[in-house]
Amino acid sequence: MAANAPTAPVPEGARITVCEVGPRDGFQIEATFIPTDRKIAIVNALFASGLRHIQVTSFVSPRAVPQLADAEAVLAGIDRPEGAVVSALIPNLRGAERAAGAGVDAVHSVVSASETHNLKNVNRPIETSLKDFEAVFALLDRAGVAIEGGIATAFGCPFEGIVPPEQVARIARRYQEMGARSVGLGDTTGMATPSTVRAAVQAIRAEAPGLGIGLHFHNTRGVGLACVMTGLAEGVTHYDASVGGLGGCPFAAGATGNICTEDLVYLLNESGYETGVNLDALIDAARMTQEVIGRDLPGQVIKSGPRLRRYDPGLTATAAG
Ligand code: COA
Ligand code: ZN
């Protein structure tokens, strides 16, 4: 495909994969340890809403992210409904061994598109991460675990600024050569805009034809769902989001929450896409999460309810002059 060939938009009625990342991206930045049984209850409530893709934890150094030190116990405790895809983030071979041992269906490997963030996040240069992934992916392949190649800071870096789409496409190509079927473009600190999303997706399509693309936005600057609309216009059918709008990378300055799963599902369901998610049940899961976290979460639909929520006129003041 030529670099700027137009892509067919996702047609109305199509199935969109909503991947819930709250139990990973959301919890990792929470300072207070969330008890393992509460994490398990939230994952189970999220599955009960109809979500079938959940990133349930990370297999990273417990010193780097103490919140997710209970990864194995979370995996062992959750119910896995028919058709569920349980995934986890891994940074290295040790993470892959642990994830495969714990029985994940898929992993999300992580490397950043910017050198400085990769050093902050995984303490090694980009090239070392990529080289190490060869053995990592071979192990995962033998274990029958699917791989999504994660690319953090794909739309900008809080330390370096602009990240060229060619750099993102180059890493995507390396992932494809190592056997990944898809890549997930992480907008670590909410720097994506519709035009940068379009540029990155088109650059990958040109450099690595046939490679699946998932989009992972943070709503740091309020344009997360606008970026989803651009993704849909570019034919992308996989989006990450976090219950209640939790989220953020502890190793990226200025990180805030992911786009909110309830808000995304609301947008997709109301736009005629198929998500398989029941919004009311998802709002229940978000309320449970909010209670566990102990503060108001940034999501909108958790506060407003579905579009056709009706109020009793008798309980609303009349503006009599
Ligand atoms: N799971 C558990 N422990 C791990 C591990 C993993 N995946 N990888 C490394 N370790 C342990 C090692 O066994 C070693 O332990 P020891 O000191 O008790 O022997 C220690 O961590 C240091 O290992 P090393 O390979 O030298 O790692 P490092 O200090 O260079 O850190 C990472 C590299 C990748 C392990 C660390 O930076 C990390 O976990 N980053 C993840 C960050 C993250 O989750 N960011 C948010 C998501 S984007
Ligand atoms: Zn993220």
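1. Asp 25 and His 218 are both buried. This is a predicted model, and the label rests on a cut-off: a residue counts as buried when its relative accessible area is under 20%. The two residues matter to this note as zinc donors, so they are taken up again in the next point.

2. Written as a sequence pattern, the spacing of the donor residues is D-x190-H-x1-H. Asp 25 and His 218 thus come from distant parts of the chain, 193 residues apart. Asp 25 belongs to helix α1 (residues 22-28), while His 218 is in the loop that runs between β7 (212-216) and α9 (224-233).

3. Ligand 1 has 20 residues around it. The nearest of them are Arg 63, Asn 92, Arg 98, Asn 121 and Asn 123. As for secondary structure, α1, α4 (93-102) and α5 (115-122) each bring at least two residues to the shell. The largest share is that of α4, which gives three residues.

4. On the backbone side, a polar atom of Ser 61 lies 2.9 Å from an oxygen atom of ligand 1. On its own, ligand 1 has 940 Å² of accessible area, and the protein covers 67% of that. The space that ligand 1 takes up is the largest pocket.

5. Two residues deserve a look at their backbone angles. Most residues other than glycine have a negative phi. Asn 123 has a positive phi, near 60 degrees, and Thr 153 also has a positive value, near 50 degrees. Asn 123 is in the loop between α5 and α6 (126-143); Thr 153 is in the loop between β5 (146-152) and α7 (165-177).

6. Are Asn 123 and Thr 153 buried or exposed? Asn 123 has a relative accessible area of 68%, so this residue is exposed. Thr 153 has a relative accessible area of 0% and is therefore buried. Asn 123 is also one of the residues that come nearest to ligand 1.

7. Val 122 is part of helix α5. With a relative accessibility of 9%, Val 122 counts as buried. Along the chain, Val 122 and Ala 64 are 58 residues apart, and their C-alpha atoms are separated by 9.1 Å.

8. Thr 32 sits in the loop between α1 and α2 (36-48). Its relative accessibility is 61%, so Thr 32 counts as exposed. Thr 32 and Ile 293 are 261 residues apart in sequence, yet the distance from C-alpha to C-alpha is 8.6 Å.

Definitions and conventions
Residues are numbered from 1 along each chain as its sequence is written. Chains are lettered from A and ligands numbered from 1 in the order in which they are written. This is a predicted model: local features need pLDDT of at least 70, side-chain atom pairs count only at pLDDT 80 or more; totals for chains, interfaces and linings use all residues. Side-chain values use heavy atoms; hydrogens and water are left out. Donors are N, O and S atoms within 2.8 Å of the metal (3.2 Å for Na, K and Ca); water is not among the atoms, so sites may look incomplete. Helices (H or I, at least four residues) and strands (E, at least two) are DSSP runs, numbered from the N terminus. Buried means under 20% relative accessible area, exposed over 50%, partly exposed in between (1.4 Å probe, protein chains only). A residue is near a molecule or strand if one of its heavy atoms lies within 4 Å of it. A polar contact is a pair of N or O atoms within 3.5 Å; within protein, one must be able to donate a hydrogen and the other to accept it, and residues adjacent in sequence count only if both atoms are side-chain atoms. Accessible areas come from the Shrake-Rupley method with a 1.4 Å probe; for residues, only the protein chains shown count as cover. On a 1 Å grid over the protein atoms alone, a cavity is a set of points where a 1.4 Å probe fits but cannot get out, and a pocket is an open set with protein on both sides within 12 Å along at least five of seven lines; lining residues have an atom within 4 Å of a point. A molecule sits in a cavity or pocket if more than half of its atoms lie within 2 Å of its grid points.
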